[in-house]
Amino acid sequence: MKVTALAVDIGGTFTDVVAALDGAEVRTTKFLSSVCADAEALSAQLTGWISRMSRSGEAPRTRDARLAHATTVATNALLEGRTSRAALVTTEGFRDVLELGRGVRSDPLDLRWRPLPPVVPRERRFTVRERVAADGSVVVPLDWDEAQRERIAEALRDCDAVAICLINSHANASHEAAIARSLRERLPRLFVTCSHEVNPLPREYERTSTTAINAALGPVVRDYLRALESGLRRAGFERPLAVMQSNGGTLAGDLVRARPVSIVESGPAAGVLAAQGIARELDEPNVIALDIGGTTAKASLIENFEILESGEYYVGGGMHAGPRAAVSSGYVIRMPSLDIAEVGAGGGSIASVDEAGGLHVGPRSAGANPGPAAYGLGGESVTVTDANILLGYINPDFIAGGEQAIDRSLAERAMRRHVGEPRSLEVEDAALLVHTAANAAVLAALRAVTIERGRDPRDHLLVAFGGSGPVHATGIADLLGVSRVFVPFGAGVLSAAGLLAASPAADVSQACNMPLDSLTHEQARTWIAVLAQRLQQEWHLNAQEAAAAHALVAVRYIGQHTEIHVPLPDAHGFTAKLREAFEEQYRAEFGFVVANGECEVMGVRLRLRRPPPPDWAPVLQGLGATWRGDGGKSAARRCVFEAHRGECAVLCLDAIADAPAGVQGPAVLETPDTTVVISPGWRASVHRGIGVLLCK
């Protein structure tokens, strides 16, 4: 038996693994993420699972297997304050850019709101005397004599990383390069990163924030990937590790170590990529992807089979989202990413009642350790998973295909203590209230990518996945007014499966600032030629690969904050075509255009997206084989809905596949990696051989 590809997705509660074998066979498993706490532990878990995989007893061959990995190591380090000890070197007078920020808050009416602490505290922010103008000319030469070098180097000796971000270095990087060269010579163990290497674009705060986060994550991600790659080599894997980036493409591990900020949204991106593949298989051009895991819920929009992208996003505020979301705050990262809205509402999200009797679900999570109360691992808080167990939606004996035992009595005790008694509710009523509140919290992410952008969700198919997505899908669809929900086979491990369809991606940009009418096709092509050379040098591509990248131009109305990237038109009628493309995309995004509005070009960009491998459909079908049961009804148990309380059929996949007209809810479909709740008024049937379609 030969393993042709291995995909590993680390989530907040579970780590999902999908292995593609020769003969189109697929195997899946889940580990508690607490068991895979570090790279060494994850390698050990993978090695043990792979050795047990073969039914013949012969060790599976893994030498040539393609390795793909999505990880939350960068996100968790950032959100939990476990970043490295980083410093910042910037221009004199700009020491406090990180704290000044943009003044964006997640809730303008919250008088108790406080901004997140800067990723680099003030005592580790140092300044140098220099000044470059916006056009790249040197106004004040760099003061970098021997005394200055020694002063900065001495201050950085107890740091693990340093970000160098000077004013207008996107226009002239010579001063940054000189400082970096000196520090790398004097402090070879220090992780040094420059803004012109990470994000060579204007807007000082966004560039400083992105570079500082890259520095703070550098040693953490570097050490993690080195340990993981070492463990995988010992397990017999010889091919380089490919890590999922926030932009939906993979990047070699050695390149990720230099740009760890590119993988902050690694896991969610893989799930959206899988949803795009499903949209194409179903011939559904407009899809809402909903991924609910153990810690968070993620929503993204697919239009005309294409995933929407964003040039920057916020992490750590009330909602992780792109800049056009109605609610955005937290640390800003200006890197190309899939446009995903994320809220802290998952299976492990903690439910609590405040002093005024208000119920809150999330964003705090019990995670994998101690986990929900029902796991019996010491958790005393009540979570959404505990509520779903008490409502009969989840098997009361085990979860995750039997990997995690369930103690219903512990869930009852936690629910009664934390919600039932404070709200004077019986346990079932309290559990239903928690489940409904979780649905409402997830709805915020769905509204952010649809209604708040002028899209009618009723015109879209809702694709639900993640361990908790199919549990909540029909209830959320009712709130959103959506009448069709699709749950793909292997929904509980779909983000890991999406990694199997991922392909390399790269982005490089060149800043400029000029009226749109002043940009010529020749000037744009000159910049693109320079960017193509950067792709070859920085991403280890050859000239033919770099030539396959798509050229984009960043355009905005003068005075606006964000720009829109439009494809580079050909030379004939260049200016008119560029404006027409901008206005067409602007109208689609915002619903109007500014009559006779003056436009400016902010830069050009080369984006490389290689086509995915052609084995995506067999992976979906292989995941279906992991859901097959014994062909009949498994059992019945009490389930609680708003409109129904009583016995419900508990089915396996074959029972639904064998029903010509489908199965009418209320009912529950149990699978090895998730549970599909078929609410009253919904009907479920197997669709296209790759998943379950629920219609109302």
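In strand 9, Val162 is the bridge partner of Ala87. The model described here is predicted. Strand 5 and strand 9 run parallel and are joined by five bridges. On strand 10 (residues 191-194), Val192 stands opposite Val162. Four bridges join strand 9 to strand 10, and this pair also runs parallel. From strand 9 the chain passes through helix 5 (residues 174-186) to reach strand 10, in a right-handed β-α-β crossover.

The burial of strand 9 was examined next. Five of its five residues are buried, so strand 9 is largely enclosed by the rest of the structure. In a regular strand, side chains alternate between the two faces of the sheet. Strand 9 can be read in these terms: Ala161, Ala163 and Cys165 point one way, and Val162 and Ile164 point the other way. Residues on both sides are buried.

Helix 4 also has buried residues. They are Gln148, Ile152 and Ala153. Seen down the helix axis, these residues fall within an arc of 125°, so they line one face of helix 4. An α-helix has 3.6 residues a turn, so residues three or four places apart point the same way. Strand 5, strand 6 and helix 5 are among the elements that cover the buried residues of helix 4.

Salt bridges were then considered. The count comes to 44. One of them joins the side chains of Asp158 and Arg85, at 3.2 Å from N to O. Asp158 lies in the loop between helix 4 (146-155) and strand 9 (161-165), and Arg85 lies in the loop between helix 2 (73-79) and strand 5 (86-91). The pair therefore ties together parts that are 73 residues apart in sequence. Asp158 is partly exposed, at 46% relative accessibility. Arg85 is partly exposed as well, at 36% relative accessibility.

Another salt bridge links Arg125 and Asp96, whose closest N and O atoms are 3.1 Å apart. Arg125 belongs to strand 6 (residues 125-128), while Asp96 sits in the loop between strand 5 and helix 3 (97-100), so this pair ties together parts that are 29 residues apart in sequence. Arg125 is buried, with a relative accessible area of 1%. Asp96 is partly exposed, with a relative accessible area of 25%.

A further salt bridge is formed by Glu538 and Arg259, with the closest N and O atoms 2.8 Å apart. Glu538 lies in helix 15 (residues 521-538). Arg259 lies in the loop between helix 8 (253-256) and helix 9 (266-282). Parts that are 279 residues apart in sequence are therefore tied together by this pair. Glu538 counts as partly exposed, at 23% relative accessibility. Arg259 counts as buried, at 11% relative accessibility. Salt bridges with shared partners also join Glu146, Arg149, Glu150, Glu154, Arg157 and Arg186 into one network.

Strand 21 (residues 349-353) pairs with strand 23 over two bridges, in the antiparallel sense. Within this pair, Ala351 stands opposite Val382 of strand 23.

Val353 lies in strand 21. It counts as partly exposed, at 22% relative accessibility. Leaving aside neighbours within four places in sequence, Val353 is in contact with Gly358, Leu359, His418, Val419, Pro422 and Arg423. Val353 and Ala571 are 218 residues apart along the chain, and their C-alpha atoms are separated by 63 Å.

Notes
Residues numbered from 1 in each chain as written. Predicted model: local features only at pLDDT ≥ 70, side-chain atom pairs only at ≥ 80, totals over all residues. Heavy atoms only, no water. Salt bridge = Lys/Arg side-chain N within 4 Å of Asp/Glu carboxyl O. Buried < 20%, exposed > 50% of the residue type's maximum accessible area, 1.4 Å probe, protein only. Pairing = 2+ DSSP bridges. Right-handed = clockwise from strand over helix to strand, strands pointing away. Arc of directions from axis to C-beta. Contact = heavy atoms within 4.5 Å.
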